Amino acid sequence: KTEQAHFCLSVRGLSTHDERRFPLFLMDSVLGSGMSSRLFLNIREKGLAYSVGSSPDLVADTGALFVYAGFSVGRIAEALDAVMAELRRFKKELVGQDEFKKAFEKQKGPILFHLEDPENVAEWYGKQEIMKGEIETEDNFIKKLAAVKAKDVKELANEFLAEENLNLAIIGPYGEKRKEDLLKLLKF
């Protein structure tokens, strides 16, 4: 018995080699990165979840975008439906210019700050070499990120956000009947 429950909704997708990772990084920034993100403002601030956020995970041959939420046991349907509404929004609308600019800055700033430390620079280059077999400089990475347009994010969303790519893990006191009801919410 618990008063809180959690879910992790993932969308299977892109590898670290896929150039569409740059629109994905910006999509994630808009969706669930920080207190100005859509998930925070439209779910956490409205009291649907105690915590909520998203993050991409890209590896050599595959990847995923994860959305996590922790909420009251009785609010699972509302929380899951609200997350799905935010994902659907990427398929229907272009991200607004101000929101898109903030998303870029939220991606660029931490990269530049992180790379002020020599140990982090070594980690950046080491990961590049191990994961891709080639080095992508932070300047080149930021240039590619800056080249992304809002339409690129929408195009990626229309391809990437699909029911067959969704996976859902839930921790909470829910039975088989509840599972069927919740799976019905996973529609684009």
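Helices α1 and α7 are roughly perpendicular to each other, a label for angles of 65 to 115 degrees (under 35 is roughly parallel, over 145 roughly antiparallel, the rest oblique). The axes of α1 (residues 21-32) and α7 (residues 150-160) come within 9 Å and cross at roughly 95°. Those axes are lines fitted to C-alpha atoms, for helices over the stretch in contact, with angles from 0 to 180 degrees between N-to-C directions. On the α1 side, P23, L24, L26 and M27 meet D152, V153, L156, A157 and F160 of α7; contact means heavy atoms within 4.5 Å. Sorted by class, that's 8 nonpolar, no polar and 1 charged residues.

A word on ground rules. This is a predicted model, where local features need pLDDT of at least 70 and side-chain atom pairs count only at pLDDT 80 or more, while totals for chains, interfaces and linings use all residues. Residues are numbered from 1 along each chain as its sequence is written, and side-chain values use heavy atoms, leaving out hydrogens and water. Helices (H or I, at least four residues) and strands (E, at least two) are DSSP runs, numbered from the N terminus.

Now for the rings. Phe, Tyr and Trp rings (for Trp, the six-membered one) pair if their centres lie within 6.5 Å; planes under 30 degrees apart are stacked, over 60 edge-to-face, and the rest tilted. That rule gives 5 aromatic pairs, including these two:

| Pair | Centre distance | Plane angle and type |
|---|---|---|
| F7 and F71 | 5.4 Å | 45°, tilted |
| F25 and F141 | 5.7 Å | 40°, tilted |

F7 sits in strand β1 (residues 4-12) and F71 in strand β3, so their pair ties together parts 64 residues apart in sequence. F7 is buried at 2% relative accessible area, and F71 is buried at 0%. Buried means under 20%, exposed over 50%, and partly exposed in between (1.4 Å probe, protein chains only). F25 belongs to helix α1 and F141 to helix α6, so that pair links parts 116 residues apart in sequence. F25 is buried at 14%, as is F141 at 8%. F22, F25, W124 and F141 form one aromatic cluster.

Helix α6 (residues 138-146) also holds I142, which is buried at 12% relative accessibility. Setting aside neighbours within four places in sequence, I142 touches F104, K108, I111 and L112.

Finally, the sheet: it is open, with 4 strands in the order β2-β3-β1-β4 and antiparallel pairing. Strands pair if DSSP finds at least two bridges between them. β2 (51-58) and β4 (166-171) are at the edges with a single partner strand each, so one side of each has no neighbour in the sheet.

How values were computed. Ala, Val, Leu, Ile, Met, Phe, Trp, Tyr, Cys and Pro count as nonpolar, Asp, Glu, Lys and Arg as charged, and the others, Gly among them, as polar.
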